[in-house]
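Please keep the sequence and the model in view while reading.

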Amino acid sequence: MYQLKVIVASTRPGRKGPAIAKWFMDLLQEQSDFEVELIDLKEVNLPFMDEPEHPRLQKYQHEHTKAWSKKIAAADAFVFVTPEYNFGFPATLKNALDFLYQEWTYKPVGFVSYGGIAGGTRSVQMLKQVVTALKMVPIVEAVHIPFFTNFINDKEQFVGDEGHLRMAQGLLKELVWWTKKLEK
């Protein structure tokens with residue numbers, strides 16, 4: 001089985017990313033290609049980039065970086081669950097990406113984004129520039145959730161509709177295909 005890491009990008013109080021990630025993780029139970037791990041950047045709690053050497057050298061000095069490196073290196077593919085903040089993605093995700101280099105390269109990445117009218121699409125467009133510079137392969141198919149609060153119930157659970165489900169199925173199909181093609 002391939003190793004898929006689903007990464008929750010938002011760390012702010014009151015965030016809805018974990019609810020959306022749980023919905024996506026529940027969908028992943030129906031597939032057999034990936035062993036899945038949910039990574040919450042709030043729990044990882046990386047400090048602002050504090051390594052003195054360039055990440056491509058992998059000369060990590062801090063234990064938090066070594067642990068992050070090990071977790072990311074073990075992955076074959078990623079899905080980022082990200083909101084859109086001011087037409088962009090959270091600084092916590094950029095920081096997590098910047099800590100490493102080799103560990104990200106030549107791996108596919110999919111996106112589950114949420115926001116207002118644009119559903120996080122502007123966030124994903126900015127993210128694609130960054131992940132491409134890391135030699136990751138961004139998947140075209142994605143899950144974009146406009147007006148996401150309309151799908152959060154009174155128990156703080158995300159309840160996706162048929163459109164969300166079809167987008168998630170398309171993303172997963174492509175993610176499996178690319179993961180197989182990029183297998184080292």
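Which residues are buried in helix 5? They are Ser123, Val124, Leu127, Val130 and Val131. The model is predicted, and what follows describes that model.

Helix 5 covers residues 121–133, which makes 13 residues. At 1.5 Å a residue the helix should span 18 Å, and its end C-alpha atoms lie 19 Å apart, so the two values agree.

An α-helix has 3.6 residues a turn, so residues three or four places apart point the same way. In helix 5, the buried residues include Val124, Leu127 and Val131. Among the elements that cover the buried residues of helix 5 are strand 3 (77–83), helix 4 (91–98) and strand 4 (108–115). Strand 5 (137–138) and strand 6 also belong to this cover. Just after helix 5, lysine 135 has a positive phi of about 65 degrees.

## The chain as a whole

Six helices and six strands make up the secondary structure of the protein chain. Their order along the sequence is β-α-β-α-α-β-α-β-α-β-β-α. The radius of gyration is 16 Å, close to the 16 Å that the globule rule gives for 184 residues, so the chain is as compact as a globular protein of that length. Along the principal axes, the C-alpha atoms fill a box of roughly 45 × 35 × 25 Å.

Of the 184 residues, 46% count as buried. The protein chain exposes about 9400 Å², and carbon and sulfur atoms supply 53% of that area. Among contacts between residues at least 6 apart in sequence, 80% join residues at least 24 apart.

## Salt bridges

How many salt bridges are there? The count comes to eight. One of them joins arginine 15 and aspartate 40, whose closest N and O atoms are 2.7 Å apart. This pair links distant parts of the chain, 25 residues apart: arginine 15 is in the loop between strand 1 (2–8) and helix 1 (17–28), and aspartate 40 is in strand 2 (residues 34–40). Both arginine 15 and aspartate 40 are buried.

Another salt bridge joins glutamate 156 and lysine 16, with 2.5 Å between the closest N and O atoms. Glutamate 156 lies in the loop between strand 6 (143–146) and helix 6 (162–181), and lysine 16 in the loop between strand 1 and helix 1, so the pair ties together parts that are 140 residues apart in sequence. Glutamate 156 is partly exposed, with a relative accessible area of 45%. Lysine 16 also counts as partly exposed, at 22% relative accessibility.

## A salt-bridge network

Lysine 71 and glutamate 37 form a salt bridge too, and their closest N and O atoms are 2.7 Å apart. Here the linked parts are 34 residues apart, with lysine 71 in helix 3 (residues 63–73) and glutamate 37 in strand 2. Lysine 71 is partly exposed, with a relative accessible area of 28%, and glutamate 37 is partly exposed at 25%. A network of salt bridges links Lys71 and Glu37 with Lys5.

## Aromatic pairs

A pair of aromatic rings is described by the distance of the centres and the angle of the planes. The structure holds 10 aromatic pairs. In one of them, phenylalanine 78 and tryptophan 104 are 4.9 Å apart centre to centre, with 55 degrees between the planes, and the pair is tilted. Phenylalanine 78 lies in strand 3 and tryptophan 104 in the loop between helix 4 and strand 4, so the pair ties together parts that are 26 residues apart in sequence.

Are phenylalanine 78 and tryptophan 104 buried or exposed? Phenylalanine 78 is buried, with a relative accessible area of 0%, and tryptophan 104 is buried, also with 0%. The rings of phenylalanine 151 and phenylalanine 158 have centres 6.0 Å apart and planes at 55 degrees, so this pair is tilted. Phenylalanine 151 counts as partly exposed at 21% relative accessibility, whereas phenylalanine 158 counts as buried at 6%. Ring pairs also link Trp68, Phe78, Phe80, Trp104 and Phe111 into a cluster.

Definitions and conventions. Residues are numbered from 1 along each chain as its sequence is written. This is a predicted model: local features need pLDDT of at least 70, side-chain atom pairs count only at pLDDT 80 or more; totals for chains, interfaces and linings use all residues. Side-chain values use heavy atoms; hydrogens and water are left out. A salt bridge is a side-chain nitrogen of Lys or Arg within 4 Å of a carboxyl oxygen of Asp or Glu. Helices (H or I, at least four residues) and strands (E, at least two) are DSSP runs, numbered from the N terminus. Buried means under 20% relative accessible area, exposed over 50%, partly exposed in between (1.4 Å probe, protein chains only). The expected span of a helix is 1.5 Å times one less than its number of residues. Contact means heavy atoms within 4.5 Å. The radius of gyration is taken over C-alpha atoms; the globule rule is 2.2 Å times the number of residues to the power 0.38. Accessible areas come from the Shrake-Rupley method with a 1.4 Å probe; for residues, only the protein chains shown count as cover. Rings of Phe, Tyr and Trp (its six-membered ring) pair if their centres lie within 6.5 Å; planes under 30 degrees apart count as stacked, over 60 as edge-to-face and the rest as tilted.
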